[in-house]
Amino acid sequence: MMTDHSWAELEKQQEKSLVELFASDPDRVAKMTIEQSGLRFDVSKTHLDDAILSQFSKLANDMLLGDAKSALFSGAAINITEGRAAEHPAERGNGDVQAVAHARALQERMRGLVEAIDAGFMGDIKHILHIGIGGSALGPKLLVDALGRDGARYDVKVVSNIDGAALTEAVKGMDPHKTIVAVASKTFTTTETLLNATSAMEWMRDGGVADPYAQIVALTAYPDKALEWGVDESRILPFNESVGGRYSLWCSIGFPVALGLGWAVYEELLEGAAAMDRHFRNAPLMENAPTMAAFCDLYYAQIKACETRAVFAYDERLRLLPDYLQQLEMESNGKSVTAQGVPLGRNSAPVTWGGVGTDAQHAVFQLLHQGTHLIPVEFIASKTPGHDYDTAHHETLLVNCFAQGAALMAGQKSDDLARNYAGNRPSTTILMDDVTPSALGALIAFYEHRTFVNAVLLGINPFDQFGVELGKQIAKSIGDTGATGFDPSTTALIAAALGDN
């Protein structure tokens with residue numbers, strides 16, 4: 001793999017301004033726009049041109065991207081540090097035949113429980129309290145918030161924070177007799193999740209529920225652990241150990257979506273993601289939305305040394321998408337060593353951050369337009385509004401979205417430096433036909449595959465996350481032994497806050 005040569009060639013490329021790129025190629029928008037699964041991906045306002053894309057194509061060949069895709073979809077053990085596959089595509093019907101069959105069988109088990117609950121198996125249920133953390137919470141929370149605003153069949157709340165104030169807020173207005181508590185933990189040993197679940201059962205007992213375990217559903221890759229914890233086997237929904245936490249909304253972690261919004265919504269979500277799987281697997285590089293987006297990411301993070309990437313959802317239904325992407329992108333690709341265990345030697349993932357338009361325009365866009373940092377921006381919008389108010393609301397929203405991208409690119413010169421906009425600042429835009437289950441499934445799968453391409457071209461493993469373990473280990477040691485063996489600052493903080501406990 002001649003990766004050093006490929007990066008060196010990319011660094012040699014002469015960059016044209018965005019205005020120059022459009023002026024020199026009247027077909028640029030058509031060339032740099034991809035439409036797939038109800039989504040329009042426009043990367044024309046980036047500095048990628050034919051020469052740069054040619055070098056990225058060579059890099060993709062050097063890094064064997066085609067082989068990596070085949071390995072992902074074949075069920076090979078591409079998570080080499082943990083010795084297992086990454087089989088989230090199999091949950092959508094794309095993968096190893098046996099893994100697909102196993103996923104479908106577990107989904108049918110979940111469907112059976114959903115139908116049983118609808119029929120009264122667990123009593124008169126009105127509420128779902130979903131308890132998880134990380135990928136076990138972020139995915140369900142995003143989906144329920146985006147798709148459950150109209151016509152949700154049950155009241156769904158998601159709790160992840162160990163702060164008891166979060167649980168207190170979630171259960172407000174809930175009837176403990178009519179609440180299912182879904183406990184989502186891949187290993188069923190997650191400290192925060194199990195403590196929250198224990199407190200939720202205390203809330204149920206305090207509310208007069210004689211047997212809280214009868215209203216617990218466990219979502220886990222280790223059903224034996226859930227059994228040991230006390231959950232009845234009929235209310236345990238297993239999933240494949242080869243599905244990583246941040247890729248797990250497609251399996252039983254999606255239970256609050258399947259129950260709360262209905263099985264038809266859940267199936268549409270899977271179908272949308274499956275369509276993006278097929279696009280990613282089969283489309284040529286320059287017509288492949290996740291791959292082209294990854295080329296943009298790598299150009300700015302590696303060649304331009306941009307340390308952050310901003311994502312702004314110009315649709316209230318997608319307000320939680322930046323939070324979801326933070327974990328997906330930074331936990332996957334925030335690595336300093338390659339998959340072979342040697343120092344990476346270059347930047348890894350940028351910091352993902354963002355917000356909601358138009359709110360963000362009055363908060364952080366000052367820095368984006370006139371600050372000293374170069375920050376690539378991604379805008380996400382929907383052609384169809386999520387409300388029935390005057391169309392002026394949505395038209396104003398979209399106009400603002402498109403105007404921001406235009407302003408970042410064109411800028412505006414002024415002799416008054418305080419009013420001068422440099423311009424030539426990159427952005428991409430994803431325009432959805434509507435925020436439907438299918439389109440949202442395709443969008444999330446797009447981001448998964450984009451993250452994967454970034455990892456392959458950097459030579460890192462996106463499917464482990466050892467970086468989250470050290471803080472947990474230290475927290476446990478503090479709980480077990482107290483403030484011993486730590487730096488003076490940490491010792492003083494423990495004494496000040498916990499000294500009397």
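**Close-up views of cavities and pockets**

View 1. Welcome to a predicted model, in which local features need pLDDT of at least 70, side-chain atom pairs count only at pLDDT 80 or more, and totals for chains, interfaces and linings use all residues. Residues are numbered from 1 along each chain as its sequence is written, and side-chain values use heavy atoms, with hydrogens and water left out. The largest cavity holds about 140 Å³ of space. Its lining has 15 residues, and those closest to the centre are Asp297, Asn333, Ala349, Pro350 and Asn454. By class, the lining has five nonpolar, six polar and four charged residues. Ala, Val, Leu, Ile, Met, Phe, Trp, Tyr, Cys and Pro count as nonpolar, Asp, Glu, Lys and Arg as charged, and the others, Gly among them, as polar.

On a 1 Å grid over the protein atoms alone, a cavity is a set of points where a 1.4 Å probe fits but cannot get out, while a pocket is an open set with protein on both sides within 12 Å along at least five of seven lines; lining residues have an atom within 4 Å of a point. Grid points are joined across faces, edges and corners, and a volume is the space filled by probe spheres set on the points.

**View 2. The second largest cavity has a volume of about 110 Å³.** Cys296, Asp297, Pro376, Thr428 and Arg450 are the closest to its centre among 13 lining residues. Two or more residues come from each of α14, β10 (377-382) and β11 (427-432), and α14 gives the most, with four. The lining is made up of six nonpolar, three polar and four charged residues.

**View 3. The largest pocket contains about 1,000 Å³ of space.** Look for Thr190, Gln465, Val468, Glu469 and Lys472, which lie nearest the centre among the 37 residues of the lining. α19 gives the most to this lining, with five residues. Here eleven residues are nonpolar, 16 polar and ten charged.

**View 4. The second largest pocket has a volume of about 620 Å³.** Of its 28 lining residues, Met63, Gln340, Val456, Gly459 and Ile460 are the closest to the centre. α18 is the element that gives the most, with five residues. The lining divides into 20 nonpolar, five polar and three charged residues.
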